[in-house]
Amino acid sequence: MAAVSSVFRRGLFNGRVAVVTGGGTGIGQAIALELMYLGCSVVVASRKIERLESAAKDMRSRISQQLSLAEGTGSNKHAPDLSVVKCNIREEKEVQRLVSSTVEKYGRLDFFVNNAGGQFLSPAANISHKGWTAVIDTNLTGTFLCCREAYKQWMQENGGAIVNIIADMYKGFPSMSHTGAARAGVDNLTKSLAIEWADSGVRVNALAPGSAIYSDTAAANYGDIDLFSHVKESHPTKRLGRVEEISGAVCFLLSPAASFVSGETLYVDGAGRLYQRMWEIPEHNKSKAYTWEEDSKEGSSNSHTTTSKL
């Protein structure tokens, strides 16, 4: 059973409550586990409730064992709770129920981590209208709905912190233009909400994991394509990132250490966005140069019909 730990002091989030969408696998699960290790009760949400229930059972066992070892006893004074809720973030009513059930059960909602998302590899020219809409509705509209409900149902009157997990689309996102567009929208949404909700004591930040962050879940999404080997070879650190390196950054953004940080996007990518080439462009001669000489020739050849030219 893999250990759970944190660079932050235990008890940092005692008594706090968080929602983590997509919290049953990969990065989302790491975030939920570290929050729990730090004393936070967590609600994990996903469309697939059976998989979520199975994951939650394992997560409870891991946290219970880890906290017992840390305390040197069979129980923990501040043992956090873990709940699961079935929620498709594209459905407004399901998002509303996710937030209302959390507030009803725990009496508060301190943190909301928008981690749920989905996309697929495809050149832009091959993406259907249905495929485009599905990705935009999940990654952009779903995130908006979660932010809005967290704010309206609790944080508007009580404050809180929101972290939106986006993507490293700093140089565009060839082969996944749909999610690049959606995540760029969330990046801007984050900045807008940080201003609109500042007077309620709500901080809103985004975190962009690099393409080198490995998880079994992410690897499975790409099927037979060994994307991570290619990324590792072309990455300045010459290694892959770990989900723990994302969860720790999220905990920082939620913590008092980031109390004066809002409206920002934190890239956790080992400088990959500054170095990596994501798209191979074949040799071609389609990019024609502009010169004054060619322009003059064109103007001369059309002089019998053109009296002026911009």
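Modeller: A disulfide is a pair of cysteine sulfur atoms within 2.5 Å. This is a predicted model, where local features need pLDDT of at least 70, side-chain atom pairs count only at pLDDT 80 or more, and totals for chains, interfaces and linings use all residues. Residues are numbered from 1 along each chain as its sequence is written, and side-chain values use heavy atoms, with hydrogens and water left out.

Biologist: How many disulfides does a search of the whole structure find?

Modeller: The search finds 0. The sulfur of Cys-40 has its closest cysteine sulfur in Cys-251, and because 8.6 Å separates them, they are too far apart for a bond.

Biologist: Is Cys-40 buried or exposed?

Modeller: Buried means under 20% relative accessible area, exposed over 50%, and partly exposed in between (1.4 Å probe, protein chains only). Cys-40 has 0% relative accessibility and counts as buried. Cys-251 is buried too, also with a relative accessible area of 0%.

Biologist: In which order do the strands of the open sheet run?

Modeller: Strands are DSSP runs of E, at least two residues, numbered from the N terminus; two of them pair if DSSP finds at least two bridges between them. Here 7 strands form the open sheet, in the order S3-S2-S1-S4-S5-S6-S9, with parallel pairing. Strands S3 (82-86) and S9 (265-268) stand at the edges with a single partner strand each, so one side of each has no neighbour in the sheet.

Biologist: Over how many bridges do S4 and S5 pair?

Modeller: S4 (residues 111-114) and S5 (residues 160-165) pair in the parallel sense over 4 bridges. Asn-114 stands opposite Asn-164 in S5.
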